[in-house]
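Have the structure open while you read.

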Amino acid sequence: MQQKVDSCLYYYDNVFSTYDFIFVKDLVNAAQIAIFSKKPYKKYIEQAFTQGLKLETIEKYPLFKKVIPKLKKDKKLIEKYRIARSNYIKKIDFEYLDWLYKNAIQDQKDKRLKWSKYRNLVYKTSNRMMDLTQKKGFPGDKIIGLGDSLIFKEINKPWLDLYQQRKQDPRLFYMNTNDKGLSAFEYSLVIMVHNTCSYFLYKNILIKEMIKGNIHPRDIGLIYDNTYRFRGYFPYYCNVKLKGVYRLNLFTDYSTHNDIEETNAMRKKLYIVSTHVDDQKKEYEIEYGFKLFSGFWNCR
């Protein structure tokens with residue numbers, strides 16, 4: 001925002017060298033800043049490989065279009081990708097991911113029922129997921145990897161990939177893994193969104209998981225705002241008072257809430273950048289071809 005690219009990348013580099021897990025979005029954003037500024041960018045791509053990035057995922061990013069052919073011919077880079085991919089696959093909890101696929105599919109079937117019946121079913125589903133979260137961690141990028149339609153094929157179990165499991169029901173034609181979202185299989189958040197009281201039911205668990213790096217802060221903001229979105233339509237097991245919003249949910253009407261200072265104060269407590277930063281990121285997307293938002297409903 002201050003046009004201080006060297007300092008910007010310096011701080012990115014410090015963070016990226018400090019932790020063994022980095023959200024891929026941040027690595028890709030740093031790479032975009034570097035390539036736009038004619039700085040070395042390949043190291044960010046290579047580190048993103050270790051967190052599950054596929055080279056074809058960034059082909060749709062305007063700033064990378066000119067260098068993609070060169071990257072694909074880079075034998076050293078391809079070898080680094082092969083090694084990184086092998087290590088990445090070993091870290092994924094495939095049993096947990098399969099559980100999530102199956103429960104996400106069932107949830108999509110259940111939501112066609114009457115609301116009075118469905119709210120009880122999704123409440124049970126979200127409770128089961130929170131029970132697993134306390135045992136295994138929240139099913140996010142760090143534990144189940146990035147959304148990937150062919151991830152089970154890589155461990156020779158293609159019948160467990162999402163398409164293979166949901167294709168039995170033609171009504172679920174829309175379900176996908178959002179391979180280009182730079183985040184985990186998004187239906188872990190869909191289940192939370194379907195339980196309109198999930199933020200207040202599981203707030204303490206979610207905050208603990210955020211500190212562990214198992215869920216992105218902005219994902220929590222989206223879940224909170226979804227509760228604001230459905231204020232006045234809460235199920236019987238939800239009795240809450242809402243104050244403030246994070247402005248991170250595409251489908252929430254914020255027209256009656258204009259206190260930006262309150263929003264930014266809430267964001268700061270959750271380690272989220274201000275709305276002013278988001279606004280400038282959007283300007284960079286329009287003016288220079290950056291792609292700086294990702295995740296479920298582009299909340300990240």
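## A helix pair and the spaces around

Helices α10 and α12 run roughly parallel to each other, because their axes cross at roughly 25 degrees and angles under 35 degrees count as roughly parallel. Keep in mind that this is a predicted model. The two axes come within 9 Å, and the crossing is right-handed. On the α10 side (residues 187–194), the contact is made by Leu189, Met192 and Val193. α12 answers with Asp219, Leu222, Ile223, Asn226 and Arg229. Sorted by class, the contact residues are five nonpolar, one polar and two charged.

| Space | Volume | Lining by class |
|---|---|---|
| Largest pocket | about 1500 Å³ | 24 nonpolar, eight polar, eight charged residues |
| Second largest pocket | about 420 Å³ | seven nonpolar, seven polar, nine charged residues |
| Largest cavity | about 90 Å³ | seven nonpolar, five polar, four charged residues |
| Second largest cavity | about 40 Å³ | six nonpolar, two polar, one charged residue |

Start with the largest pocket, at about 1500 Å³. Its lining counts 40 residues, and the ones closest to the centre are Tyr12, Lys25, Asp26, Val273 and Lys281. Which helix gives the largest share of this lining? That's α1, with seven residues. At least two lining residues each come from α1 (5–18), α2 (24–36), α11 (198–212), α12 (217–229) and α14 (275–288).

On to the cavities: a search of the whole structure turns up two of 30 Å³ or more. The largest cavity is lined by 16 residues, with Ala184, Ser188, Leu189, Asp219 and Arg300 closest to the centre.

Which residues line the second largest cavity? Look for Leu97, Tyr101, Ile144, Gly145, Leu146, Gly147, Asp148, Ile151 and Phe185.

Note on methods. Residues numbered from 1 in each chain as written. Predicted model: local features only at pLDDT ≥ 70, side-chain atom pairs only at ≥ 80, totals over all residues. Heavy atoms only, no water. 1 Å grid on protein atoms, 1.4 Å probe; cavity = no way out; pocket = protein on both sides within 12 Å on 5 of 7 lines; lining within 4 Å. Points joined across faces, edges and corners; volume = space filled by probe spheres on them. Helix = DSSP H or I, 4+ residues; strand = E, 2+ residues; numbered from the N terminus. Nonpolar A, V, L, I, M, F, W, Y, C, P; charged D, E, K, R; others polar. Axes fitted to C-alpha atoms, helices over the stretch in contact; angles between N-to-C directions. Parallel < 35°, antiparallel > 145°, perpendicular 65-115°, else oblique. Left-handed = near helix turned anticlockwise from the far one by under 90°. Contact = heavy atoms within 4.5 Å.
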